[in-house]
Amino acid sequence: MADRLDPAMCRVKVGKELFTCAGPSVVEALQSKGFDVFLDLKFHDIPNTTSKAVAAAARLGVWMVNVHASGGRRMMEACREELERLQLDRSPLLIAVTVLTSMSDEELLEIGYKSGAAEMVRHLAALSVDSGMDGVVCSAQEAAMLKQSHGINIKLVTPGIRPENSDVNDQRRIVTPAQAVQNGSDYLVIGRPITQAAEPVNVLETIIASLN
Ligand SMILES: O=C(O)c1cc(=O)[nH]c(=O)n1[C@@H]1O[C@H](COP(=O)(O)O)[C@@H](O)[C@H]1O
């Protein structure tokens, strides 16, 4: 896939599946091809463990790294402090996942949340910004609301992107690429609609054209 894509067209994301198979060397290989890498390992642990994992990611030179906002304020603050201690020329964007885009309101109630996705995302995004995060992962359905409250203080990373008529798969809170940008998304995360396509580069080009 990396051989077919051009770093001028997109950044790339390395998630749990690829990282567990291939480890840090795949990150280094992608970077040596000129790609900015989003290391999507969604760290969620006690403050010490999470912040040390974020520091390890930063030392790999990744462009973006994420943790779960539900790890709490102390965990997120520890991650920010650990990054500052490293004093890197280029620190990764530190992003907190609010509510997974695969979760519906009904599923959130089932696991004991007292409100639906929009309210939980609003709450966790405010906590994330206050705890030193550069931005959050959310659905583009919540993007306009968050841009209105936080403006330039929040970067919005939005998975659950589905072009018109494409498979929803396991996602629940989906938005089309053009609508996501219109809602204020800064970075669209698009997996299967591109990776599972017969002609991934064509699909990516069509998506980019739809944004212009
Ligand atoms: O942090 C993420 O990247 C993430 C958060 C989230 O709430 N939802 C979500 O789908 N993701 C990731 O974004 C990607 C979406 O992939 P597709 O559903 O194939 O487009 C997957 O790699 C997920 O792990």
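**Chain overview**

I counted 10 helices and seven strands in the protein chain, where helices (H or I, at least four residues) and strands (E, at least two) are DSSP runs numbered from the N terminus. The radius of gyration, taken over C-alpha atoms, is 17 Å, close to the 17 Å that the globule rule gives for 212 residues, so the chain is as compact as a globular protein of that length; the rule is 2.2 Å times the number of residues to the power 0.38. This is a predicted model, in which local features need pLDDT of at least 70 and side-chain atom pairs count only at pLDDT 80 or more, while totals for chains, interfaces and linings use all residues. Residues are numbered from 1 along each chain as its sequence is written.

**Pro193**

I found Pro193 in helix α9 (residues 192-195). Leaving aside residues up to four places away in sequence, Pro193 touches Arg162, Pro163, Ser166 and Val203, a contact meaning C-beta atoms, placed from the backbone, within 7 Å. I also noted that Gln179 is 14 residues from Pro193 in sequence and 16 Å away in space, C-alpha to C-alpha.

**Burial overall**

Across the protein chain, buried residues make up 34% of the 212 residues.

Methods: Two residues are in contact if their C-beta atoms, placed from the backbone, lie within 7 Å. A residue is buried if 20 or more other C-beta atoms lie within 10 Å of its own, exposed if 12 or fewer, and partly exposed in between; C-beta atoms are placed from the backbone.
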